[in-house]
Amino acid sequence: MSVPSYGTNGELRQRSVAPEEPVKTVTTTDEGRKMDELLDKHQTYEFGGPWGVTAMMIGFPILMYYLWICLWFYDGKLVIPTSTDDIVPFLERMWAHVRDDASPNAYAWKVYTGLVVYQLFLAWVMPGYQQEGLPVPSLGYKTLMYNCNALYSLYATMITAAGLHYYHIFRLTEIIDNYGHIMSVAMIYGFAVSFGMYFITVATSNEIRMSGSFIYDVFMGACLNPRIGPVDLKMWAEVRIPWVIVFFLAVSGGCHQYEQYGYVTPNMAFMILATWLYLNACAKGEECIPQTWDMYHEKWGFMVIFWNFAGVPFTYVYSVVYMASHEPSKYQFSTPTYVFLFTTLLTAYYIWDTSMSQKSRFKMQTQGIHTFRNTFPQLPWGTLKNPEFIQTAHGNRLLISGWWRYSRKPNYVADWVMSFSWGVIIGGATIIPYFYSVFFITVLVHRCGRDFERCSMKYGKDWERYCSIVKYKFIPGVY
């Protein structure tokens with residue numbers, strides 16, 4: 001059969017292949033190596049530079065405390081001082097909530113540290129699928145191996161948690177009841193690991209893409225591929241900490257409802273399903289993570305570390321926090337509404353899962369990997385046969401098949417729809433659970449800007465050709 005591809009000057013070419021001919025391995029050209037060397041140097045400040053990142057490092061924890069206080073103690077209303085005279089008393093009230101209900105007490109340290117240690121232990125000892133990562137320019141295009149055992153670790157964690165709950169050793173309802181205390185410990189971990197990794201990396205002379213500004217480099221990170229034994233810390237922290245906590249917070253909310261009312265509401269069941277789908281997808285498709293921007297380019301700094309250790313688990317499931325502290329009558333829907341919400345979630349999940357799989361497996365094919373992992377669930381159209389692509393002068397290939405024919409970031413669109421549904425599941429009871437989707441779209445737009453700018457520099461005219469074929473950044477026909 002004849003399959004189209006695109007040459008380095010953008011012209012359409014035809015190549016004859018057998019029906020099952022694999023995508024051939026690619027090699028970075030000399031021109032591409034020069035561009036990679038340029039891109040692996042600090043060029044400009046992002047996020048407002050040192051002052052901007054300092055504001056975020058201070059502002060994020062304060063915002064997290066404030067939103068939790070509003071949800072738990074003020075019926076989900078955004079409270080503010082009633083007058084100028086009330087500013088100081090207002091701050092005192094806020095501090096009292098943090099001091100009394102979010103102190104990093106011994107119980108919270110035990111729970112959170114226990115999770116971190118157990119997840120690190122499982123990552124170290126569990127058998128896994130061996131996946132080769134993308135060539136890393138800063139390592140002379142060496143590829144790193146990743147032991148993808150998140151799926152076995154997830155099952156082990158679920159079985160362990162069920163056993164601890166059943167035998168009353170550790171009741172899962174305690175997680176949501178101690179939300180504030182555990183959140184504070186998570187924040188301390190986020191700061192400690194961020195600064196600790198910076199100092200260790202500099203002390204061992206493994207830093208890369210440094211700006212010269214201490215606080216900015218702590219925020220962006222100094223190291224690219226930190227490891228402890230066989231465990232890649234960046235990939236470990238991306239899945240094993242945030243999404244495990246998110247899922248068990250939802251389960252804790254469900255247990256809390258069952259013990260209080262004798263049933264679990266469809267809204268809480270929605271969140272348990274939604275968080276499990278996301279966690280399971282990250283675990284069963286872990287071999288796709290080494291092919292992502294996060295692994296081969298993004299450094300491991302506060303921006304990533306704090307968000308994985310504290311930000312994601314304690315800001316993405318505000319709907320669960322609200323439901324655990326309010327009567328079900330405040331967020332009930334009709335049966336058709338529930339059907340619509342569950343259908344929307346599952347549709348968005350399908351697009352997100354398969355688009356991520358298509359892109360990652362295409363990258364694997366360019367490395368000569370053509371046998372893929374078979375984990376549950378493997379959805380139809382997750383792997384493209386004879387995909388169309390643009391062959392760039394850099395040496396890389398730009399995918400223009402599957403979902404990626406219609407949008408440059410189809411995974412982001414589906415991911416955002418899921419995040420929005422996590423807020424919609426409680427309707428208009430409070431706007432705070434919509435923080436996730438609002439924050440997420442801000443992050444995605446900024447990240448796309450960074451990504452597209454980098455691709456424009458890296459691929460030049462080939463990127464222009466790509467944009468002329470895949471016209472829409474997010475939603476086909478809209479934007």
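**Helix packing and local features of the predicted model**

Helix α4 meets helix α7 through Ala108, Trp109, Val111, Tyr112, Thr113 and Val116 on the α4 side and His181, Ile182, Val185, Ala186, Ile188 and Tyr189 on the α7 side. The residues of this contact comprise 10 nonpolar and 2 polar, with no charged residue. The crossing of α4 past α7 is right-handed.

The passage of α15 across α16 is left-handed. On α15, the contact is made by Leu341, Thr344, Leu345, Ala348, Tyr349, Ile351, Trp352, Ser355 and Met356. The α16 side contributes Pro410, Asn411, Ala414, Asp415, Val417, Met418, Ser421, Trp422 and Val424. By residue class, the contact of α15 with α16 divides into 13 nonpolar, 4 polar and 1 charged.

Asn411 was examined individually within this contact. The residue belongs to helix α16, which covers residues 410–424. Asn411 has a relative accessibility of 8% and therefore counts as buried. When neighbours within four places in sequence are left aside, Asn411 is in contact with Trp352, Ser355, Met356 and Trp404. Of these partners, Trp352, Ser355 and Met356 are also listed among the α15 residues of the helix contact.

Helix α16 also packs against α17, at an angle of about 165° and with the axes 8 Å apart. This angle makes α16 roughly antiparallel to α17. The handedness of the α16 and α17 crossing is right-handed. Tyr412, Asp415, Trp416, Ser419, Phe420 and Trp422 of α16 take part, together with Tyr436, Ser437, Phe440, Ile441, Leu444, Arg447 and Cys448 of α17. The residues of the contact of α16 with α17 divide into 9 nonpolar, 2 polar and 2 charged.

Asp451 lies in helix α17, which extends over residues 435–459. With a relative accessibility of 13%, Asp451 is counted as buried. Apart from neighbours within four places in sequence, the contacts of Asp451 are with Trp293 and Lys409. The C-alpha atoms of Asp451 and Leu144 are separated by 23 Å, the two residues being 307 residues apart along the chain.

Leu144 is also one of the residues touched by Gln131, a residue of strand β3 (residues 129–132). Gln131 has a relative accessibility of 2% and so counts as buried. Not counting residues up to four places away in sequence, Gln131 touches Leu144, Met145, Tyr146, Cys148, Glu287, Pro290, Gln291, Met364 and Ile369.

Across the whole structure, a search finds 45 aromatic pairs. One of these is formed by Phe362 and Phe389, with a centre-to-centre distance of 6.0 Å and an angle of 40° between the planes, a tilted geometry. Phe362 is located in helix α15 (residues 335–366) and Phe389 in strand β7 (residues 389–391), so the pair ties together parts that are 27 residues apart in sequence. Phe362 and Phe389 are both buried.

Several backbone features were identified in loops. The peptide bond from Phe376 to Pro377 is cis, with omega near -10°, and Pro377 is situated in the loop between α15 and β7. Asp75, although not a glycine, has a positive phi of about 60°. Asp75 is part of the loop between α2 (49–73) and α3 (87–101), and its relative accessibility of 28% places it in the partly exposed class. A positive phi of about 60° is likewise found at His168, which is not a glycine. His168 occupies the loop between α5 (150–166) and α6 (173–177). The relative accessible area of His168 is 57%, and the residue is exposed.

Key: Residues are numbered from 1 along each chain as its sequence is written. This is a predicted model: local features need pLDDT of at least 70, side-chain atom pairs count only at pLDDT 80 or more; totals for chains, interfaces and linings use all residues. Side-chain values use heavy atoms; hydrogens and water are left out. A crossing is left-handed if the near helix is turned anticlockwise from the far one by less than a right angle, and right-handed if clockwise. Helices (H or I, at least four residues) and strands (E, at least two) are DSSP runs, numbered from the N terminus. Contact means heavy atoms within 4.5 Å. Ala, Val, Leu, Ile, Met, Phe, Trp, Tyr, Cys and Pro count as nonpolar, Asp, Glu, Lys and Arg as charged, and the others, Gly among them, as polar. Rings of Phe, Tyr and Trp (its six-membered ring) pair if their centres lie within 6.5 Å; planes under 30 degrees apart count as stacked, over 60 as edge-to-face and the rest as tilted. Buried means under 20% relative accessible area, exposed over 50%, partly exposed in between (1.4 Å probe, protein chains only). Axes are lines fitted to C-alpha atoms, for helices over the stretch in contact, and angles run from 0 to 180 degrees between N-to-C directions. Angles under 35 degrees count as roughly parallel, over 145 as roughly antiparallel, 65 to 115 as roughly perpendicular and the rest as oblique.
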